[in-house]
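Please study the sequence and the structure shown below. Then work through the exercises, comparing each step with the solution given.

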Amino acid sequence: MVAHVDPLVVGRVIDDVVNLFVPKVPLSVRYGTRDLTNGCEIRPSIAADPPAIQIAGRSNDLFTMLMTDPDAPSPSNPSMREWLHWLVVNIPGGADPSQQGDVVVPYMCPRPPVGIHRYVVVVFQQKARIYSPPAMTSGTNQSMRVGFRTRAFADRHEFGDPVAALYFNAQKEPANRRRHY
């Protein structure tokens with residue numbers, strides 16, 4: 001009999017980004033027409049725009065969604081772990097964070113300089129509305145992105161364990177092979 005091994009454990013998302021948890025809310029992530037599954041590979045050119053994300057839940061539930069790269073700048077030397085690519089708070093259950101919620105850190109597409117990078121989408125259920133800091137604009141200091149710590153962020157906001165997570169892989173693509181869908 002073969003035991004099921006959680007892909008988040010196999011992909012080292014558990015330990016590198018979050019502690020072991022039991023998913024409680026269905027999460028779907030889609031770039032264009034491509035539905036993501038844990039560990040799939042996405043070309044950075046396909047991920048230029050924010051993905052469509054569906055977080056299940058009642059409309060009066062509130063969620064925080066973030067996306068990080070725990071392999072920045074390279075998987076062999078992740079000295080900038082974690083690089084924050086996106087942070088949205090106050091997302092109503094059943095909503096897409098790219099459409100509803102308060103954007104704290106705008107979406108930054110994957111840009112792996114070397115090696116295969118993991119990009120991790122983590123969802124936390126909020127106990128109450130977060131009165132977030134002003135949204136970071138593209139001209140704002142990028143220091144909010146480098147060295148982000150998902151666990152520390154969750155502790156600071158008293159979220160507890162994540163309710164959902166998914167990761168995908170991406171690597172630098174040659175200039176002549178870039179495609180947009």
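A salt bridge is a side-chain nitrogen of Lys or Arg within 4 Å of a carboxyl oxygen of Asp or Glu. By this rule, the count is seven salt bridges. The model is predicted: local features need pLDDT of at least 70, side-chain atom pairs count only at pLDDT 80 or more, and totals for chains, interfaces and linings use all residues. Residues are numbered from 1 along each chain as its sequence is written, and side-chain values use heavy atoms, with hydrogens and water left out.

**Exercise 1.** Determine which residue forms a salt bridge with Asp16, and classify Asp16 as buried or exposed.

*Solution.* Step 1: the partner of Asp16 is Arg12, and the closest N and O atoms are 3.8 Å apart. Step 2: recall the classes, in which buried means under 20% relative accessible area, exposed over 50%, and partly exposed in between (1.4 Å probe, protein chains only). Step 3: Asp16 has a relative accessibility of 19%, so Asp16 counts as buried. Arg12 has 46% and therefore counts as partly exposed. Step 4: both residues belong to a network of salt bridges that links Arg12, Asp16, Asp71, Arg81 and Arg118.

**Exercise 2.** Classify the two residues of the salt bridge between Asp61 and Arg58.

*Solution.* Step 1: the side chains of Asp61 and Arg58 meet at 3.0 Å, N to O. Step 2: Asp61 has a relative accessible area of 12%, so Asp61 is buried. Step 3: Arg58 has a relative accessible area of 55% and is therefore exposed.

**Exercise 3.** Locate the two residues of the salt bridge between Asp102 and Arg129.

*Solution.* Step 1: the side chains of Asp102 and Arg129 meet at 3.5 Å, N to O. Step 2: this pair links distant parts of the chain, 27 residues apart, with Asp102 in strand S7 and Arg129 in the loop between strand S8 (116-125) and helix H3 (150-156). Here helices (H or I, at least four residues) and strands (E, at least two) are DSSP runs, numbered from the N terminus. Step 3: Asp102, at 31% relative accessible area, is partly exposed, and Arg129, at 41%, is partly exposed.

**Exercise 4.** Describe the surroundings of Ala95.

*Solution.* Step 1: Ala95 lies in the loop between strand S6 (83-92) and strand S7 (102-105). Step 2: the relative accessible area of Ala95 is 7%, so Ala95 is buried. Step 3: leaving aside neighbours within four places in sequence, Ala95 is in contact with Ile53, Gln54, Ile55 and Gln100, where contact means heavy atoms within 4.5 Å.
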